[in-house]
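Trainee: I am new to this model and would like a close look at one part of it. Could you explain how the packed helices are arranged, and then what they rest against?

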Amino acid sequence: MTHIVQLKRMNKYFGKLHVLKDIDLAVEAGEVVVIIGASGSGKSTLIRCVNGLEEYESGHLEVDGHKLAPKGGNQESLAEIRKEVGMVFQQFNLFPHLSVKKNIMLAPMKVKSANKTVANATADRLLERVGISDQADKFPSQLSGGQQQRVAIARALAMEPRVMLFDEPTSALDPEMVGEVLDVMRELAKEGMTMMVVTHEMGFAREVADRVIYIHEGQIVEEGKPQDVFDNPQNERTQAFLSRVLAH
């Protein structure tokens, strides 16, 4: 299998705070890796390093053959990595003054230098794919949170990424809207999209992940198939975390 994302002994600091500690992680093409852990454990920082939103201090980081240098190094690969990595955040980050369709068209036009006709067709196709083609001419403020997040997913997909990163994409949503976003993510997984997902949705992790990774205080302390991690965790920290979150 082909490694799309590879991290070796990667370390990240915020000032004196050691946020990520010797992270070793390889993600294969078509694999869905779900990252779980308590708030502040370093989950979001990890995936933000993968597309260069955060710089790391030491180690090795490679995305689809492009090496991203540590902080202070030559970052000439950053633009190529950004073209190949789509990211969906907790907040939707849509442009409020643009229609839904124009929000999506921006990505292929700016990142891929697509012309307006191609970008328009791409937006139409992706709006249908995420189930909101009837919302194309509305503005973000006219949509529910779940619909806005689906627009954000469509916008990320418009770059034709090799990898999709999700940073707690349902945490800002009302409970009744969570399912519609997770359904889109399930479909992407079925289609073979390589995905790294930070989430508190344990049911989704159990159902969709090929591999679950538990991070505690900046370290990967357990990883494995969902049924192994959830049903028979080996590390006492994983056991304690799951006993808390699965009890609710």
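**Helix packing and the sheet beside it**

Mentor: Helix 3 and helix 5 are roughly parallel to each other, because the angle at which they pack is about 25° and angles under 35 degrees count as roughly parallel. Please bear in mind that this is a predicted model. Helix 3 covers residues 100–111 and helix 5 covers residues 145–157, and their axes lie 7 Å apart. The two helices cross in a right-handed sense. On the side of helix 3, the contact is formed by Val100, Asn103, Ile104 and Ala107, which meet Val151, Ala154 and Arg155 of helix 5. Five of these contact residues are nonpolar, one is polar and one is charged.

Helix 3 also packs against helix 4 (residues 116–129), here at an angle of about 125° with the axes 8 Å apart. Helix 3 is therefore oblique to helix 4. This crossing, of helix 3 with helix 4, is right-handed. From helix 3, the residues Val100, Lys101, Ile104, Met105, Pro108 and Met109 take part, and they meet Lys116, Ala119, Asn120, Ala123, Asp124 and Leu127 of helix 4. The contact of helix 3 with helix 4 comprises eight nonpolar residues, one polar residue and three charged residues.

We return now to helix 5 and its other partner. Helix 5 packs with helix 6 (residues 175–190) at an angle of about 20°, and their axes are 8 Å apart. That angle makes helix 5 roughly parallel to helix 6. Where helix 5 passes helix 6, the crossing is right-handed. Helix 5 contributes Gly145, Gly146, Gln147, Gln149, Arg150, Ile153 and Leu157, while helix 6 contributes Met177, Glu180, Val181, Val184, Met185 and Leu188. Sorted by class, the residues of this contact are seven nonpolar, four polar and two charged.

Six strands form an open sheet in the order 6-7-8-3-9-10, and their pairing is mixed. At its edges stand strand 6 (85–88) and strand 10 (219–224), each of which pairs on one side only. From one strand to the next, the twist averages 20°. Helix 5 packs on this sheet and touches strand 6 and strand 7 (163–167), with a direction that makes about 170° with that of strand 6. Helix 6 likewise packs on the sheet, where it touches strand 3, strand 7 and strand 8, and its direction makes about 145° with that of strand 8.

Strand 3 runs parallel to strand 8 (residues 194–198), and four bridges join the two. In this pairing, Val32 stands opposite Met195 of strand 8. Strand 3 also runs parallel to strand 9 (residues 211–216), again joined by four bridges. Here Val33 has Arg211 as its bridge partner in strand 9, and Ile35 stands opposite Ile213.

Key
Residues are numbered from 1 along each chain as its sequence is written. This is a predicted model: local features need pLDDT of at least 70, side-chain atom pairs count only at pLDDT 80 or more; totals for chains, interfaces and linings use all residues. Side-chain values use heavy atoms; hydrogens and water are left out. Axes are lines fitted to C-alpha atoms, for helices over the stretch in contact, and angles run from 0 to 180 degrees between N-to-C directions. Angles under 35 degrees count as roughly parallel, over 145 as roughly antiparallel, 65 to 115 as roughly perpendicular and the rest as oblique. A crossing is left-handed if the near helix is turned anticlockwise from the far one by less than a right angle, and right-handed if clockwise. Contact means heavy atoms within 4.5 Å. Ala, Val, Leu, Ile, Met, Phe, Trp, Tyr, Cys and Pro count as nonpolar, Asp, Glu, Lys and Arg as charged, and the others, Gly among them, as polar. Two strands pair if DSSP finds at least two bridges between them.
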